Amino acid sequence: MKQEKTNNPFVFQVGDLFRLVRQSFEAEQDLDVTRAQAKMLISVWRNPGITQQALAARLDIATMSVCRQVDALEARGMIERRTDASDRRVRRLFITEKTGPVIRPMLARIDHISDLFLQSLSDDERETLMDLMDRVIADASARKTDQSTSKKQ
C-alpha cells in the first residue's frame with residue numbers, strides 16, 4: 001500500500017529549521033555564548049545605546065527576559081548599562097571592549113551555518129529564498145502591528 005505524502009505545514013517547517021539552526025549554533029562552544037545571547041549582543045552592537053525595552057521589542061521577547069539576559073551578560077563584562085543623559089530613568093545598552101573581539105567570530109559562525117543550511121541551493125535560489133522570507137516577515141510584522149493597533153482602540 002502506497003503511503004500518502006503528508007502535508008508539512010509552513011509553521012512546522014519553520015519550527016524544525018529554527019531548532020536545527022539553534023542546535024548547530026550551540027554545538028560549538030568556543031564562543032561561550034548561546035544563540036540567544038549572540039543575537040542580543042549583535043543587536044546591541046548594531047544599535048549602540050538601545051534601551052532594554054526597545055531590545056525586547058526588536059527580539060520579540062519579554063522585557064524581564066531581556067533584563068535577566070542583560071544581567072548575566074553584564075556580570076560577564078560583555079554589556080554595560082549607561083544612564084540616558086536626558087532621562088535618568090532610562091538605561092541604554094552598549095557592548096564592552098571585552099565583547100568587541102567576540103562579535104566577528106559570532107558573525108562568521110552565523111555565515112558558516114547559513115552556508116551549511118543553504119549549500120544545496122544555487123546563488124539565484126538563495127537570493128529568491130531570502131527575498132521571499134523578507135516578504136513573509138514584513139507581511140507578518142505588518143499584521144502584528146495592525147493587530148496591536150486595533151486592540152488598543
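The chain has six helices and three strands. Helices (H or I, at least four residues) and strands (E, at least two) are DSSP runs, numbered from the N terminus. This is a predicted model, in which local features need pLDDT of at least 70, side-chain atom pairs count only at pLDDT 80 or more, and totals for chains, interfaces and linings use all residues. Residues are numbered from 1 along each chain as its sequence is written, and side-chain values use heavy atoms, with hydrogens and water left out.

**Overall layout**

- Read from the N terminus, the elements run α-α-β-α-α-β-β-α-α.
- The chain has 153 residues, and 23% of them count as buried.
- Buried means under 20% relative accessible area, exposed means over 50%, and partly exposed lies in between (1.4 Å probe, protein chains only).

**Buried residues**

- Leucine 41 sits in helix 2 (residues 35–46).
- Leucine 41 counts as buried because its relative accessibility is 0%.
- Leucine 41 and valine 70 are 29 residues apart along the chain, and their C-alpha atoms are separated by 9.3 Å.
- Threonine 51 belongs to strand 1 (residues 50–51).
- Threonine 51 has 14% relative accessibility, so it counts as buried.
- The side chain of threonine 51 reaches the backbone nitrogen of alanine 54 at 3.1 Å.

- Where is arginine 81 found? Arginine 81 is in strand 2 (residues 79–83).
- Is arginine 81 buried or exposed? Arginine 81 counts as buried, because its relative accessibility is 16%.
- A polar contact is a pair of N or O atoms within 3.5 Å; within protein, one must be able to donate a hydrogen and the other to accept it, and residues adjacent in sequence count only if both atoms are side-chain atoms.
- Another polar contact of 2.7 Å joins the side chains of arginine 81 and aspartate 71.
- Arginine 81 and aspartate 71 also form a salt bridge, with their closest N and O atoms 2.7 Å apart.
- This pair links distant parts of the chain: arginine 81 is in strand 2 and aspartate 71 is in helix 4 (residues 63–75), ten residues apart.
- Aspartate 71 has 37% relative accessibility, so it counts as partly exposed.

**Salt bridges**

- Side chains of opposite charge can pair when their charged atoms come close.
- A salt bridge is a side-chain nitrogen of Lys or Arg within 4 Å of a carboxyl oxygen of Asp or Glu.
- How many salt bridges does the structure hold? The structure holds seven.
- One of them joins the side chains of arginine 19 and aspartate 16, at 3.8 Å from N to O.
- Arginine 19 and aspartate 16 are three residues apart in helix 1 (residues 10–27), so about one helical turn separates them.
- Arginine 19 counts as partly exposed because its relative accessibility is 34%.
- Aspartate 16 is partly exposed, with a relative accessible area of 34%.
- Arginine 82 forms a salt bridge with glutamate 80, and the closest N and O atoms are 2.9 Å apart.
- Arginine 82 is partly exposed at 37% relative accessibility, and glutamate 80 is partly exposed at 29%.
- Salt bridges that share partners join Asp71, Glu74 and Arg81 into one network.

**Surface patches**

- Patches are made of residues with over 30% relative accessible area and no salt bridge: like charges are joined within 9 Å, and nonpolar side chains (Val, Leu, Ile, Met, Phe, Trp, Tyr) within 5 Å.
- Accessible areas come from the Shrake-Rupley method with a 1.4 Å probe; for residues, only the protein chains shown count as cover.
- Which residues make the nonpolar patch? Phe10, Val11, Phe12, Val14 and Val136 make a nonpolar surface patch of about 490 Å².
- Helix 1 gives the most to the nonpolar patch, with four residues.
- Valine 136 is found in helix 6.
- Valine 136 has 42% relative accessibility, so it counts as partly exposed.
- Asp123, Asp124, Glu125, Glu127, Asp131 and Asp134 form a negative surface patch.
- Lys and Arg count as positive and Asp and Glu as negative; His and the chain ends are not counted.
- The place of a charge is taken as NZ of Lys, CZ of Arg, CG of Asp or CD of Glu.
- Aspartate 134 lies in helix 6 (residues 123–152).
- Aspartate 134 counts as partly exposed because its relative accessibility is 47%.
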